[in-house]
Amino acid sequence: MKNTKIIIGLTLSILLFSCATNPFTGKQTLALVPNSQILPMAFQQYDQFLNENKVVTGTTEATMVKNVGQKISKAAERWLNANGYQGYLDDYRWEYNLVQDKSVNAWCMPGGKIVFYTGIMPIAKNEAGVAAIMGHEVAHALANHGQQRMSAAQLQQVAGAATAVATSNKSEETQQIIGTAFGLGSQLGVMLPFSRSHETEADRIGIQLMAIAGYNPDEAAELWKRMKANSGGQAPPEFMSTHPSNDTRIANLQAWAPAAKAEAKKFGVTSFK
Ligand SMILES: [Zn+2]
């Protein structure tokens, strides 16, 4: 009982000074652990993941993932700069890797650390399809959805570890929590899907990024039609969530494509591939 009160008190004290504005939506969001603390741990986790998995290099697909990633991150930077968020990406260290794994999945850890699995490439099908997935994943990172995905208790632990042992050893468990919160498979068994609102938000931000990067936003809905056909009604892991349904998602993306094209036009982008 006493411990519960202490935890609630600590949580509230963190809540008080850690609201952040999502630049893409203007909404206030909780950033319980600042990027300056999360990012170094995320980068370490990402490197560890790459060490333990087979990174594909030099293939057409691997090159495509890198090229599209660079274009999408450039689009994000242009959008942020144009909207008064200069410096928002200063702590980011973009990286785009294709990993040999038959899972139909992709994810982005905080600070722009992206992985595509080879299993998603046939469904991505073409460069615009890769861009639609990339835009979605980058959007999760920009909107700090991962932080919001952690439970208050997990955030306590991460914040504690980050502040207390910022430069020394980070506990195995803390590393796992971070990995779990940002899309890696979970050994903890507490994998939370992104919420319906986070998925929808990532779709909406992502389609704008792909358009600004010069990719046809109409292709986002086409990607999701292929995803639906492939999955037999089940979404793949990162996108796993009872909502939004594939049909809702496709309808949303079709509805948002014209606005994404209009947004791209502000950046001088009027033709799409
Ligand atoms: Zn997602």
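Tutor: Two strands count as paired if DSSP finds at least two bridges between them. Keep that in mind here; the model is a predicted one.

Student: How many strands form the open sheet, and in what order?

Tutor: Four strands make up the open sheet, in the order S3-S4-S6-S5, with mixed pairing. S3 (55–56) and S5 are the edge strands, each of which pairs on one side only.

Student: Which pairs in the sheet run antiparallel, and which run parallel?

Tutor: Take them across the sheet. S3 and S4 (residues 95–99) run antiparallel and are joined by two bridges; Val55 has Val99 in S4 as its bridge partner. S4 and S6 pair in the parallel sense, over five bridges, and Glu95 is partnered with Lys113 in S6. S6 (residues 113–117) and S5 pair in the antiparallel sense over four bridges. On that side, Met109 stands opposite Lys113 in S6.

Student: How many residues lie between S5 and S6?

Tutor: Three residues lie between S5 and S6, and the two strands form a hairpin. Gly111, in the turn, has a positive phi of about 85 degrees.

Student: Is Lys125 exposed or partly exposed?

Tutor: Lys125 counts as partly exposed because it has 13 C-beta neighbours inside 10 Å. The cut-off for exposed is 12 or fewer. Ala82, found in helix H3 (residues 60–82), counts as exposed because its C-beta neighbours inside 10 Å number 12. The C-alpha atom of Ala82 is separated by 9.0 Å from that of Phe267, although the two are 185 residues apart along the chain.

Student: How do I read the faces of a strand?

Tutor: In a regular strand, side chains alternate between the two faces of the sheet. In S5 (residues 106–109), Ala106 and Cys108 point one way and Trp107 and Met109 the other, and all are buried. S6 has Lys113, Val115 and Tyr117 on one side and Ile114 and Phe116 on the other; both faces are covered, with all of these residues buried.

Student: What lies across the sheet strands?

Tutor: H3 lies across S3, S4 and S6, and runs at about 155 degrees to S4.

Student: How do I check the length of a helix?

Tutor: Compare the expected span with the distance between the end C-alpha atoms. Helix H11 (residues 246–265) has 20 residues, so at 1.5 Å a residue it should span 28 Å; the end C-alpha atoms are 28 Å apart, which agrees. H10 has 14 residues and should therefore span 20 Å; its end C-alpha atoms are 21 Å apart, which also agrees.

Student: Where is the kink in H11?

Tutor: The kink is at Ala257, shortly before the proline Pro258, and amounts to about 35 degrees.

Student: How do I find the buried side of a helix?

Tutor: An α-helix has 3.6 residues a turn, so residues three or four places apart point the same way. In H11 the buried residues are Arg249, Leu253, Trp256, Ala260 and Ala264. They pack against helix H9 (196–212) and helix H10 (218–231). In H10 the buried residues include Glu219, Leu223, Trp224 and Met227. The buried residues of H10 pack against helix H4 (121–124), helix H5 (127–142), H9 and H11.

Student: Which residues touch the most other members of the largest nonpolar core?

Tutor: Ile72, Ala131, Val138, Leu209 and Met210 do, in a core of 55 residues. H5 gives the most to this core, with ten residues. Leaving out residues up to four places away in sequence, Leu209 touches Ile72, Ala75, Ala76, Gly135, Val138 and Ala139.

Student: And the protein chain as a whole?

Tutor: The protein chain holds eleven helices and six strands. Of its 273 residues, 38% count as buried. Among contacts with a separation of 6 or more, 73% are between residues 24 or more positions apart.

Key
Residues are numbered from 1 along each chain as its sequence is written. This is a predicted model: local features need pLDDT of at least 70, side-chain atom pairs count only at pLDDT 80 or more; totals for chains, interfaces and linings use all residues. A residue is buried if 20 or more other C-beta atoms lie within 10 Å of its own, exposed if 12 or fewer, and partly exposed in between; C-beta atoms are placed from the backbone. The expected span of a helix is 1.5 Å times one less than its number of residues. The bend at a residue is the angle between axes fitted to the seven residues ending there and the seven starting there. Two residues are in contact if their C-beta atoms, placed from the backbone, lie within 7 Å. Axes are lines fitted to C-alpha atoms, for helices over the stretch in contact, and angles run from 0 to 180 degrees between N-to-C directions. A nonpolar core is a set of buried Ala, Val, Leu, Ile, Met, Phe, Trp, Tyr and Cys residues joined through C-beta atoms within 7 Å.
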